[in-house]
Amino acid sequence: MKYYLAPMEGLTGYVFRQTHHMYYAGFDKYFTPFISPTKKRVLKTRELKDISPANNTGMTTVPQILTNDASNFIYTTSFLANEGYREVNLNLGCPSPTVVSKNKGAGFLSDPERLDRFFDEVFNGVDKDIKISVKTRLGMCFASEFEDILKVYNRYPISELIIHPRVRDDYYNGSVKMDVFGEALKNTSISVCYNGDIFDASDALRIAEDCPNVNAIMLGRGILRNPGLINEIKGIPVEPDSVISFHNTLLEKYLGDLKSERDVLFKMKELWSYLAVSFNDNPEHDKLLKKIRKSSNISEYRIAVNELIK
Ligand SMILES: Cc1cc2nc3c(=O)[nH]c(=O)nc-3n(C[C@H](O)[C@H](O)[C@H](O)COP(=O)(O)O)c2cc1C
């Protein structure tokens with residue numbers, strides 16, 4: 001089984017990916033949070049930094065693109081190929097209203113015919129040496145939409161299909177639809193990666209046992225909650241207190257990388273909304289987490305964190 005790190009906007013940029021790679025067992029692939037080229041095909045400085053080969057050494061990184069414009073996708077893919085990338089990923093899962101209202105991300109799934117025309121143009125236009133993988137939900141509103149969507153995917157040489165078995169309207173709520181995922185596995189010859197709600201090693205084991213045709217498992221929030229989860233799944237011991245060293249290194253790297261302390265605080269606080277569960281055994285957990293959230297500068301933040309993690 002292969003394991004991939006999920007793209008998570010605002011959380012798993014290159015600083016996070018590099019730091020995780022320093023402390024924990026490696027992933028077979030690290031997907032970048034989506035880059036969203038403008039109509040003029042321009043990428044933001046932050047996006048360029050995230051995909052810069054210099055910031056992605058020693059690991060296999062797959063840049064993810066969010067667009068519904070085939071020529072934009074082809075242009076961005078050839079730019080990424082020139083940077084040395086051998087695979088790019090198309091985002092067909094983002095549920096955010098601002099994305100969906102523009103028919104991008106999961107919004108693109110509402111029109112399989114348009115998706116078909118998009119892939120037709122893309123696969124005629126991209127260099128054959130670069131792999132195109134897709135990260136998808138089951139549809140916009142109903143899981144039954146996936147039957148037609150999968151027929152579209154099956155017509156193209158997509159290198160891998162990463163399926164998050166929820167529809168857009170679910171966001172990340174409710175249970176994943178394993179029955180529809182199982183049907184999809186039966187009805188495609190594209191290599192399939194499972195993604196969704198893997199929070200402990202037994203969740204990953206169950207997918208491997210129940211779905212022997214799955215090529216890979218992608219881990220998202222489970223890694224934010226417990227960065228050592230990949231080691232637990234692979235049966236590789238972690239250093240005691242590795243989560244503390246991981247956190248401290250991440251903080252130092254963000255301080256060196258981001259413009260202001262405010263930005264660093266924002267990023268670290270966002271991480272804590274997941275990481276906090278790793279410290280549930282502290283009897284004052286809730287009070288100290290609140291203190292972290294309320295910290296208004298880095299020294300207050302450090303004091304609050306040290307109290308929680310000790
Ligand atoms: C804060 C956040 C940001 C995300 N950003 C992206 C993204 O940029 N691209 C993407 O394909 N999915 C994104 N996702 C979805 C995750 O990659 C993943 O599909 C989802 O969290 C389900 O997997 P999990 O249950 O293992 O977390 C994001 C999810 C979260 C919670």
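Let's start at the ligand: one of its nitrogen atoms sits 2.8 Å from a backbone N or O atom of Glu9. Keep in mind as you look around that this is a predicted model. As for cover, the ligand has 610 Å² of accessible area on its own, and the protein covers 91% of that.

Now for the protein chain itself. Its domain assignment gives domain 1 (2-234) and domain 2 (242-309). Taken over C-alpha atoms, the centres of domain 1 and domain 2 are 28 Å apart. Where the two meet, 18 residues from domain 1 and 16 residues from domain 2 take part in the contact.

What about the nonpolar interior? In soluble globular proteins, nonpolar side chains tend to be buried together. Here, the largest nonpolar core has 94 residues, and Phe16, Leu92, Leu115, Phe119, Phe146, Tyr153 and Trp272 are the ones with the most contacts inside it. Domain 1 (2-234) and domain 2 (242-309) each supply at least three residues to this core. Phe119 is a handy place to look: leaving out residues up to four places away in sequence, Phe119 touches Leu90, Leu92, Val134, Val152, Tyr153, Tyr156 and Ile158. Apart from this core there's another, made of eight residues, including Tyr4, Ala6, Cys193 and Met218.

Terms used:
Residues numbered from 1 in each chain as written. Predicted model: local features only at pLDDT ≥ 70, side-chain atom pairs only at ≥ 80, totals over all residues. Heavy atoms only, no water. Polar contact = N/O pair within 3.5 Å; in protein donor to acceptor, adjacent residues only side chain to side chain. Areas by Shrake-Rupley, 256 points an atom, 1.4 Å probe, with all protein chains shown as cover. Core = buried A, V, L, I, M, F, W, Y, C linked by side-chain atoms within 4.5 Å. Buried < 20%, exposed > 50% of the residue type's maximum accessible area, 1.4 Å probe, protein only. Domains from an automatic or database assignment. Contact = heavy atoms within 4.5 Å.
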